[in-house]
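Here is a friendly walk through this model, written as a colleague's note. Keep the structure open beside you and check each point as you go.

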Amino acid sequence: MADRVLVIGSGGREHALAWKLAQSPHVKQVFVAPGNAGTADNGKISNSAVLVSNHTIVTQFCKDHNIGLVLVGQEALLAAGIVDDLRAAGVRCFGPSAKAAQLESNTSFAKAFLDRHGIPTARWKAFTNAQEACSTDFPARVVRARGPAARKEVTIAASKEEACRAVQEIMQDRTFGDMVVIEELLQGEELSCLCFTDGVTVASMPPAQAHKRLLDGDQGPNTGGMGAYCPVPQVQQPSHL
């Protein structure tokens, strides 16, 4: 393990990573860029104002501060290839390449990957034309924007009219990309099972369930940051977790 570690991101995920890394006796200092209030001057942990969108500046920061390992949590930066650039400059970095990050950042790429490898997924279609998207005949619809900034731009539509409104809003706001993916809505429990991997070994974390809708009873708009809980009663926990 490296003496000095840089965690890139500003959310609760990066806070948790920094908190756990700081507990290691092998880690002397954890920088978080840009970080948040929870990672500001907290023991071994401190925030850094390094401009993370500029990969050259991040690389130089790592060299100037003898950073032995970088962990990237922010999806948009992963999709932009920050891991590729840091590794090319000789900086050790934990995170997926830009190509691999498409599984998270590019909905149409991920859905096509699932189909190509025979992994069950809801029926779906991708559209670049709003009028064609509104003609989708799925009885219940999930409308997703495609771009890296669109993780929270998901609408669970109760009607064709609501789906069409979501399509029009997404297609008009190019911040979220120039494509929408419309999926068949699957009913039931949804769980997340995340894993760490170095490309050879896979270590699974316990299943968790996120709070997706804003209001009680699965009402209100879909969100990406309402929180999550673990363990979950729907899945029996293995004895070693």
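Predicted model: local features only at pLDDT ≥ 70, side-chain atom pairs only at ≥ 80, totals over all residues.

1. Residues are numbered from 1 along each chain as its sequence is written, and side-chain values use heavy atoms, with hydrogens and water left out.

2. Let's begin with the parallel sheet. Five strands make an open sheet, ordered β3-β2-β1-β4-β5, with parallel pairing. Helices (H or I, at least four residues) and strands (E, at least two) are DSSP runs, numbered from the N terminus; two strands pair if DSSP finds at least two bridges between them. At the edges stand β3 and β5 (93-94), and each has a single partner strand, so one side of each lacks a neighbour in the sheet.

3. Now look inside this sheet. β1 and β4 are joined in the parallel sense over four bridges, and L6 stands opposite V70 in β4. Helix α1 (residues 12-22) lies across β1, β2, β3 and β4 and runs at about 170° to β1. Helix α2 packs on the sheet too, touching β1, β2 and β4, with its direction at about 160° to that of β1. Here, contact means heavy atoms within 4.5 Å; axes are lines fitted to C-alpha atoms, for helices over the stretch in contact, and angles run from 0 to 180 degrees between N-to-C directions.

4. Which residues of α2 are buried? In this helix (residues 55-64) they are H55, V58, T59, F61 and C62. Seen down the axis of α2, they fall within an arc of 160°, so they line one face of the helix; the arc is that of the directions from the helix axis to the C-beta atoms. The cover over these residues includes β1 (4-9), β2, β4 (69-72) and α4 (82-88). T56 and D64, on the other side of α2, are exposed. Buried means under 20% relative accessible area, exposed over 50%, and partly exposed in between (1.4 Å probe, protein chains only).

5. Next, a loop residue. A40 is in the loop between β2 (29-34) and β3 (45-47) and is partly exposed, at a relative accessible area of 35%. Leaving aside residues up to four places away in sequence, A40 touches I45 and N47.

6. β6 pairs with β9 (residues 180-184) over four bridges, and A126 stands opposite V181 in β9.

7. Finally, a helix pair. Helix α5 (residues 98-105) packs against α6 at an angle of about 95°, with their axes 6 Å apart. That makes α5 roughly perpendicular to α6 (65 to 115 degrees counts as roughly perpendicular).

Methods. Parallel < 35°, antiparallel > 145°, perpendicular 65-115°, else oblique.
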